[in-house]
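Notebook open, viewer loaded. I want to go through the strands, the packing and the rings in turn.

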Amino acid sequence: MGMSAWKRAGVSLTAVAVVAGVAGCQDGDGGGKKKAADSSESRVQTQNEMTEVLQAAFKNTSEAKSSKVRMTMSMPAGVEGGGTMELSGVQGWDPAVMDVTMKGSALTAGDPDAPEQVRMIMLDNAMYMDMGEKQAAEMDGKRWMKMDFAAIAEESGDAELQKQMTSGMENMNQDPAQQLALLLESPNLKHVGPEKVDGVQTQHYKGTLSFEEMLDANKSFDMLSEKEREELTANVKKSGLKGYDTQVWVNEDNYPVKMVVGMKMPQGTMNMTAHYSDYGAKADVQAPPAGETFDLMEMLKELEGLGAESEAGLSS
């Protein structure tokens with residue numbers, strides 16, 4: 001498998017983390033009326049009104065358990081060569097599932113053999129990527145790459161990696177409304193005003209969080225020791241990540257219609273824009289046929305074994 005395949009896998013993981021609400025935090029109390037604010041009003045909402053709307057949106061989205069999603073991610077040139085990626089399909093939570101199709105320059109840059117679009121399925125704590133016909137021809141018809149993150153972490157024997165993988169999979173279980181809960185933690189939450197998005201009237205909100213504020217708000221980091229938190233914060237600071245800008249547009253029924261998350265980095269800002277619709281849409285996600293699937297972990301073990309045999313043959 002070439003480096004282009006690994007790059008596509010990495011970009012896909014980033015997309016999943018974003019769409020599934022990797023920056024999720026505590027639940028909130030889920031309060032709020034069905035129509036907490038009249039979208040025709042242009043006045044700025046009070047803090048209590050903003051809180052009521054966003055908590056209601058969190059509750060509604062959590063109970064819906066699924067939606068259709070359409071996302072665009074743009075990366076600055078300094079991040080893997082930059083580019084854009086579009087993703088569309090269905091996402092479910094409780095349990096966490098996803099069946100989406102991705103396309104864009106971020107997937108095909110520098111690889112003439114890369115497929116124009118890639119289908120990705122997430123199910124039972126594993127991710128499956130359709131690597132295309134060329135990959136299938138090289139793998140006896142097996143075109144789907146399976147990545148079981150828990151198994152990869154366990155095999156590594158690295159306790160820190162196991163914690164990261166476990167935390168990541170827990171975060172993938174979170175619905176898009178977790179971004180709303182995180183937004184509520186912003187010390188400078190603002191109501192921008194009423195706007196039309198995708199043909200419907202919405203209320204627009206925005207706020208910013210530093211990495212430290214996100215870390216404090218995110219319960220999935222509670223498993224880390226004080227030393228581990230300090231190391232994680234130091235590593236993030238070294239990477240240059242400055243913080244998160246989050247915007248959300250909530251419709252009159254208190255469902256998020258659109259979300260924009262910007263990650264400020266030295267190379268520029270990575271922007272992710274997601275549109276949600278059809279809350280409660282059926283998310284009947286099925287794993288690819290076993291005969292068309294190869295397990296990444298098993299393949300790496302086989303390659304390691306072949307390498308050991310080669311070394312033994314050379315030494316004899």
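Predicted model: local features only at pLDDT ≥ 70, side-chain atom pairs only at ≥ 80, totals over all residues.

These are my entries, in the order I looked things up.

Sheet. I started with the strand order and got an open sheet of twelve strands with mixed pairing. Reading across, I have β7-β8-β9-β10-β11-β1-β2-β3-β4-β5-β6-β12. The edges are β7 (190-197) and β12 (293-295), and each of them pairs on one side only. I also looked up the twist, which averages 20 degrees from one strand to the next.

One pairing up close. I picked β8 (residues 200-209) and β9 (residues 243-251), which run antiparallel to each other and share eight bridges.

Cores. Which residues touch the most other members in the largest nonpolar core? I found Leu-54, Tyr-205 and Val-248, in a core that counts 44 residues. There is also a second, separate core of seven residues, and I jotted down Val-97, Ile-121, Leu-123 and Trp-144 as being among them.

Rings. My search for aromatic pairs came back with a count of one. What lies over the face of Trp-249? I have Lys-258 there, 4.5 Å from the ring centre.

Terms used:
Residues numbered from 1 in each chain as written. Heavy atoms only, no water. Core = buried A, V, L, I, M, F, W, Y, C linked by side-chain atoms within 4.5 Å. Buried < 20%, exposed > 50% of the residue type's maximum accessible area, 1.4 Å probe, protein only. Phe/Tyr/Trp six-rings, centres within 6.5 Å; stacked < 30°, edge-to-face > 60°. Lys NZ or Arg CZ within 6 Å of the ring centre and 35° of its normal. Pairing = 2+ DSSP bridges. Helix = DSSP H or I, 4+ residues; strand = E, 2+ residues; numbered from the N terminus. Axes fitted to C-alpha atoms, helices over the stretch in contact; angles between N-to-C directions.
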